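Here is a short tour of the open spaces in one protein model. Have the structure at hand as you read.

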Amino acid sequence: MSRAAPQQLPGRWDCHAHVFGPYERFPLAPERSYTPPEAVGSQYLALLERLGLTHGVLVHPSAYGDDHSLLLHALEHHQNLRGVVVVRPGSQLPLAGLREHGVRAARFSHRAGAGANFAGSASFEDLIALAPALADAGLHAELWTDCQVLPQIAERIRSLPVPVVIDHMGGFDAQAGIDEPGFRSLRELLATGRAWVKLCAYRNLLQAEDKQVGRPFQQALVQANPERLVWGSDWPHLRVSPVPDAADLLALFEDWAGAASLVKRVLSTNPEALYR
């Protein structure tokens, strides 16, 4: 599958989204932890336009198992998109050459609690095993983790030969505050420059009466290292009710950011460096 070289133009990025279907063409894996409604590529592209964003990063959902057909199809047909695959040792999808098809990373999961890591996901041990191959292929790692387990793996993350992008702001506990050990580990990792963080707070605030309790968490990450932060919508907001409007999530990030220069760094400068 060939892919034309993308135009090297700066833009504004949504760095975390998923697409599903249409299922008659791209069916889900028989063994999966959830069954989402269809959320097709045309809907996502329309969302980007509505948000005033030019580029998106599609993360392969675990509900598709090892079948990356939908992701690779989207990347082939839309030069403004980048992709994140899910692979384990022995996976049929070769890492070598994925960059030229728009792939920039592989995602792994290491979360607390029974059933937290979905069927079809790749583990932290898979990341340790595949890190050298990721480096050789010019890919980075993405890690869906949380502040409960992060202190236990922080040193191993520091030692990896690839950058690690931590999803969902490390799954922080809004009630525990910014000095909680897990969130402190996240800030320390970010400060090293070896780790990046996706500013996507809303899943950590679902039980909060006032979403503004998330403001000091974003500001603490900005203070740790503004050059290693990107923003993600997490569209289509799976397993969340009521479903938020991504425009509201973007506006919340911009409000907490304050300075236009920081908004530009997070939405444009940083993702251009990470995903271009």
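## The largest pocket

Grouped by class, the lining of the largest pocket holds 11 nonpolar, 7 polar and 8 charged residues; here Ala, Val, Leu, Ile, Met, Phe, Trp, Tyr, Cys and Pro count as nonpolar, Asp, Glu, Lys and Arg as charged, and the others, Gly among them, as polar. The volume of this pocket is about 610 Å³. Its lining numbers 26 residues, with Gly171, Phe172, Arg203, Asn204 and Leu205 the closest to the centre.

A pocket is an open set of points on a 1 Å grid over the protein atoms alone, where a 1.4 Å probe fits, with protein on both sides within 12 Å along at least five of seven lines; lining residues have an atom within 4 Å of a point.

## How the model is read

This is a predicted model, in which local features need pLDDT of at least 70 and side-chain atom pairs count only at pLDDT 80 or more, while totals for chains, interfaces and linings use all residues. Residues are numbered from 1 along each chain as its sequence is written, and side-chain values use heavy atoms, with hydrogens and water left out.

## The second largest pocket

The second largest pocket has a volume of about 260 Å³. Among its 18 lining residues, Ala201, Tyr202, Leu205, Leu249 and Leu252 lie nearest the centre. By class, this lining has 14 nonpolar, 3 polar and 1 charged residues. Its largest share, 4 residues, comes from H7.

## Asp248 in helix H7

Helix H7 spans residues 246-257 and includes Asp248; helices are DSSP runs (H or I, at least four residues) numbered from the N terminus.

Terms used:
Helices (H or I, at least four residues) and strands (E, at least two) are DSSP runs, numbered from the N terminus. Grid points are joined across faces, edges and corners, and a volume is the space filled by probe spheres set on the points.
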